[in-house]
Amino acid sequence: MSKTHETTAEHYEPGLYEIRIKGHLDDRWADWFEGLTFTHESDGTTLLYGPLADQAALHGVLNGFRDLGLPIISVQRISANTKRSKKMKADVYEEYGSPDVLERKENEKPAPEGGELLNSKSRTQESSRARRTAGHGGAMKAIVQDGYGAPERVLELKEVDRPSVGDDDVLIRVRATSVNTPDWITVAGVPYILRLQSGLRRPSTAVRGTDVAGVVEAVGKNVTDLQPGDEVFGSLWDNTLSTLGTFAELTVAPASQLIKKPATLSFEEAGASVMSGLTALIAMRDVGQVGPGTKVLINGASGGVGTFAVQIAKALGAEVTGVSSTRNLELVRSLGADHVIDYTAEDFTRGEQRYDVIFDNVMNHPPTATARVLAPNGIFIPNSVGNSGGLFAGLPRAARAVLMGRGSTDVRFVTYVVNRENLDALAALLESDDVKVVIDKVYPLSEAANAVAHMLGHHARGKVVITVGAREAGDR
Ligand SMILES: NC(=O)c1ccc[n+]([C@@H]2O[C@H](COP(=O)([O-])OP(=O)(O)OC[C@H]3O[C@@H](n4cnc5c(N)ncnc54)[C@H](OP(=O)(O)O)[C@@H]3O)[C@@H](O)[C@H]2O)c1
């Protein structure tokens, strides 16, 4: 660690920082550094600047660069008076609001739904959100988040305004939803760097959850193929950690991200399946192009995504190896895996077997080790932000995988896309005998904090579900 680095961290003051690193940071990092503006300088360095809320954030950023092997040249708190700093501040305040405004808003403690810290990416989405959260027509119960930290500390059941419906939206009475990675990340506020996207001091939207299964309450004027009373499932996901939430009695989703729920599926099964099921489907069908005879290894085979992936790969005709802890081997086998590996006894990256597709939902091995057991022309699908928390968690490892993909290894990422075509394909699989939804535990809405804490343990067996209203926990 450089002297500058230590000195700066020791004498930390909150404010705007300018960090210069050697080399040009890959543009693919842009999403992960959202909120920290970076520019490629003509002298071959990269200049990052933006607000750092506390000393832990500064340490974390610097450690992250060190982990990535990116030499830090200088770290400076920006003086308030230079022309350059004024321009930087203007840019940053444009994105986040000025510290005065932030302070004032924090002191006022407004009802959190409104989203006082706008996500830099989604101003357009924000205006449609504002419309959808305008809150006409009474109150509803929702799990509201204030601050980041332990779920039981930052999540609380409260009365909030009911959301109102945009022209292309559907108001849904939620019956079931589930906990996914974006939810626990945004509750815990780790990896810390992602707070730059979700909101520095508290998330810009207060209600978590994106998967939904429920009953249509009302539709916007452009929605013609769904009507009140229809049972639907789908997602609110809008590609940001600020997606409006489903841990509530009512929610609003774009009609284009909902389909009618098959009658054979329970609300719990439908609400549990969306993000995990679609991620697994897209990974196996589109990214891995899995077909008959493809040798697929799934790391994290017993979790939310893994339990779907094992079954979908089998349905596509693959020879599947599932990796899990000892207690979940039987579960993974029961889902159709041809081979299972107990990671507590055996390291799959050191085995003799070679795989055409490796779908890694854990990223607990260096990407180079995992790539060693790829067959020639094999495809490596890294798919985890890691479990370790901290500032960057597994992101540096994912970044190394990106860099590895520039060499001879075929590295491909899963982009989670919710649309009716994908939902229909998932529904067809769920209606067949090929794929069943594995549910570890069902919690009532009032215990949503426990549901998120369950996911934060990183050893859920399949999905963690939250039920709302008439159907409560255990009522399956
Ligand atoms: N690309 C996307 O759009 C997208 C969408 C959703 C999720 N994801 C990613 O998918 C990943 C998995 O999500 P999930 O919902 O399936 O998570 P999850 O339900 O928490 O599953 C975690 C899995 O990790 C395994 N695991 C935990 N610690 C382990 C260790 N030390 N060594 C090996 N395995 C370990 C667990 O197995 P045992 O219990 O047997 O230990 C379990 O199977 C997440 O990291 C997330 O970032 C990506």
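Start by colouring the protein chain by pLDDT: this is a predicted model, and the chain averages a pLDDT of 82, with 75% of the residues scoring at least 70. Over residues 1-11 pLDDT stays under 50, and the model has 13 contacts beyond four places in sequence for them. Select residues 92-128 next: pLDDT stays under 50 here too, with 54 contacts beyond four places in sequence. Where pLDDT is low, the predicted coordinates should not be read in detail.

Now switch to a cartoon view. The protein chain has 15 helices and 19 strands, and 51% of its 476 residues count as buried. If you draw the contacts between residues at least 6 apart in sequence, 72% of them join residues at least 24 apart.

**The ligand**

The shell holds 28 residues, and the closest to the ligand are G303, G304, S325, S384 and Y416. Colour this shell by class and you will find 19 polar residues, 9 nonpolar ones and no charged residues. Helix 9 (267-287) and helix 10 (304-315) each contribute at least two residues to the shell.

**The nonpolar cores**

Next, select V170, A309, A313 and V452, the residues with the most contacts inside the largest nonpolar core, which has 119 residues. Helix 9 gives this core its largest share, 11 residues. Because domain 2 (145-273 + 418-467) and domain 3 (289-411) both give residues to the core, it lies between them. For a second, separate core, pick Y17, L25, L58 and L62, which are among its 8 residues. In soluble globular proteins, nonpolar side chains tend to be buried together.

Return to V452 and look at its partners: leaving aside neighbours within four places in sequence, V452 is in contact with P151, L155, V179, D183, W184 and V187.

**Helix 7**

Finish with residues 181-188, which form helix 7; 7 of these 8 residues are buried, so the helix is largely enclosed by the rest of the structure. The buried ones to select are P182, D183, W184, I185, T186, V187 and A188. What covers them? Show strand 5 (139-145), helix 6 (151-154), strand 6 (155-161), helix 8 (195-198) and helix 15 (448-456), which are among the elements covering the buried residues of helix 7. Then step just past the helix to G189, which takes a positive phi of about 75°.

Conventions. Residues numbered from 1 in each chain as written. Predicted model: local features only at pLDDT ≥ 70, side-chain atom pairs only at ≥ 80, totals over all residues. Near = placed C-beta within 6 Å. Helix = DSSP H or I, 4+ residues; strand = E, 2+ residues; numbered from the N terminus. Nonpolar A, V, L, I, M, F, W, Y, C, P; charged D, E, K, R; others polar. Buried ≥ 20, exposed ≤ 12 C-beta atoms within 10 Å, placed from the backbone. Contact = placed C-beta atoms within 7 Å. pLDDT = per-residue confidence, 0-100. Core = buried A, V, L, I, M, F, W, Y, C linked by C-beta atoms within 7 Å. Domains from an automatic or database assignment.
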